[in-house]
Structure formats: structure tokens, C-alpha cells
Amino acid sequence: MSTTRRIHNLALIGFMGTGKTSIGRLVAEHLHFAFVDTDELIESSTGKTIADIFAQQGEPAFRELEARVVTELATRTRTVISTGGGLPVNPANLARLKEHALVICLWASPEKIFERVRNQHHRPLLHDADPLAKIRSLLAAREPFYRQADVLINTELRSAREVMLQVVHQFGTAGHS
Ligand code: S3P
């Protein structure tokens, strides 16, 4: 795998409910970039929802689809890429994204994440008797991977627009090509 970085895209990583998709869309609009979401790419290529893929084929099959999508993203330019929350747990995914994208992690506390996702039901990993405990343990396990991002932004005390502007600022500072 090449270690050369030519940054012409922006990738948002982070836990479920940290705003990757909504912030990503705002950033793309602001920069006049295309926007893609790895979950949406998987859903359109398979014709199945993420929940169905987890239920019918299991999480390992989903992770393989995710890795394939990441490989395909290498040809993109001027694109904001929003990623599924578990994607950076595979170090190869993060390494591939870093070849062409500035990787920014959106961060929030377990309590804030729970508040944001509690009324959403499309995420199979949060179908748990105690979703807050699940968020806490998954987030703790994933924190070392999220910290591999180029930039970490705490979303808790900022409006969506402020987070968007912060992402845009970091991208400008990174000297993209
Ligand atoms: C997952 C997060 C989801 C989706 C899938 C698994 C995870 O994406 O990829 O349900 O492992 O954290 P979002 O982070 O966009 O909710």
C-alpha cells in the first residue's frame, strides 16, 4: 500500500450519531464537492438496507462490503465521504482513506450520542436492551481507532454550521491538492 498522500477529498469518521452525514452534506454544499456516504453506497450496490445485510448475512459480510467500497473511493476527487461508524476499526480502511482524503473525526460523549440516536431505529448495533451501555462500551473500544484521524472535532458545544465551518477550515489548512 502506498504511503503517499494526495489530499483532494475529505472523509468524516466517528461514532453513530456524531453527525457525519448531516455535517458531510453541509461541507459538500459549502465546498461545491460531491457527497457520498459509505452506507448509502453499500445499500445501492446490494439493493438491501444495512439492517437487512446485518440480519441476513451478518456483520462480517457487511464489513467486507464496507472495505470494498473504501477501495473504490480511491478514484474520487473533490468528494466529501461520510463513513459508517465501524469503518475505521479496520486499519486498512483508514490507511486507504488517508491516501486521498483528509480524515476528520467527529466526536461526542456517549450520553450525547444516546440523546441523538434514541429515537432512530435503523442501526442494528444499537438494538440492545441497554443502548447507552452498548454505546459506552463500543465507543471505548473504538476510541483508539478514531484517534488515528488527522483532526478530531468535538461536536457537542457547536452548532452544525460551526462544525461544518471547522471542518472546512481544517481542510483549507491541510493544503489539499
Ligand atoms: C455502524 C454504523 C452505521 C452503519 C452500521 C454499523 C457501526 O453507520 O455503518 O449500522 O458499526 O458503528 P452510521 O455511523 O452512519 O450510523
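Helices (H or I, at least four residues) and strands (E, at least two) are DSSP runs, numbered from the N terminus. Keep that in mind as you click around, along with some ground rules. This is a predicted model, in which local features need pLDDT of at least 70, side-chain atom pairs count only at pLDDT 80 or more, and totals for chains, interfaces and linings use all residues. Residues are numbered from 1 along each chain as its sequence is written, and side-chain values use heavy atoms, with hydrogens and water left out.

**Stop 1: strand 4**

Select residues 101-107, which make up strand 4. Seven of its seven residues are buried, so strand 4 is largely enclosed by the rest of the structure. Here, buried means under 20% relative accessible area, exposed means over 50%, and partly exposed is in between (1.4 Å probe, protein chains only). In a regular strand the side chains alternate between the two faces of the sheet. Color Ala101, Val103, Cys105 and Trp107 for one side of strand 4, then Leu102, Ile104 and Leu106 for the other; both faces are covered.

Strand 1 runs parallel to strand 4, paired over six bridges (two strands pair if DSSP finds at least two bridges between them). Pick Gly14 and you'll find its bridge partner in strand 4, Leu106. Strand 5 (residues 151-154) also pairs with strand 4 in the parallel sense, over four bridges. For a landmark there, Ile104 stands opposite Val151.

**Stop 2: the cores**

In soluble globular proteins, nonpolar side chains tend to be buried together. A nonpolar core is a set of buried Ala, Val, Leu, Ile, Met, Phe, Trp, Tyr and Cys residues joined through side-chain atoms within 4.5 Å. Which members of the largest nonpolar core touch the most other members? Select Ile13, Phe15, Ile42, Leu97, Val103, Ile113 and Tyr146, out of 32 residues in that core. Elements giving two or more residues to this core include strand 1 (9-14), helix 3 (50-57), helix 6 (110-117) and helix 7 (131-146). There is also a second, separate core of 20 residues, with Phe33, Ile104, Leu106 and Phe171 among them.

**Stop 3: helix 5**

Show residues 91-100, which form helix 5. Its buried residues are Asn93, Leu94, Leu97 and His100. Seen down the axis of helix 5, these fall within an arc of 130° (taken from the directions from the helix axis to the C-beta atoms), so they line one face of the helix. They pack against strand 1, helix 4, strand 3, strand 4 and helix 7.

Zoom in on Leu97. Leaving aside neighbors within four places in sequence, Leu97 is in contact (heavy atoms within 4.5 Å) with Ala11, Val70, Leu73, Ile81, Thr83, Leu87 and Val103.

Then hop to the start of the helix. Asn90 caps the N-terminal end of helix 5, with a side-chain oxygen 3.0 Å from the backbone nitrogen of Ala92. That is a polar contact: a pair of N or O atoms within 3.5 Å, where, within protein, one must be able to donate a hydrogen and the other to accept it, and residues adjacent in sequence count only if both atoms are side-chain atoms.

**Stop 4**

Asp37 caps the N-terminal end of helix 2 (residues 38-46), and a side-chain oxygen lies 2.8 Å from the backbone nitrogen of Asp39. At the other end, helix 2 is followed by Gly47, whose phi is positive, near 70°.

Now select the ligand. Which of the 14 residues around the ligand come nearest? They are Lys20, Asp39, Arg63, Arg123 and Arg142, where a residue is near a molecule if one of its heavy atoms lies within 4 Å of it. The side chain of Lys20 has an N or O atom 2.5 Å from a ligand oxygen. For Arg123, the corresponding distance is 2.6 Å, and for a polar side-chain atom of Asp39, 2.8 Å.

**Stop 5: a few single residues**

Most residues other than glycine have a negative phi, and most peptide bonds are trans. Look at His32, in the loop between helix 1 (20-31) and strand 2 (34-37): its phi is positive, near 60°. Is His32 buried or exposed? At 67% relative accessibility, His32 counts as exposed.

Finish with Glu66 in helix 4. Glu66 is buried, at 1% relative accessibility. Not counting residues up to four places away in sequence, Glu66 touches Ile42, Gly84, Gly86 and Leu87.
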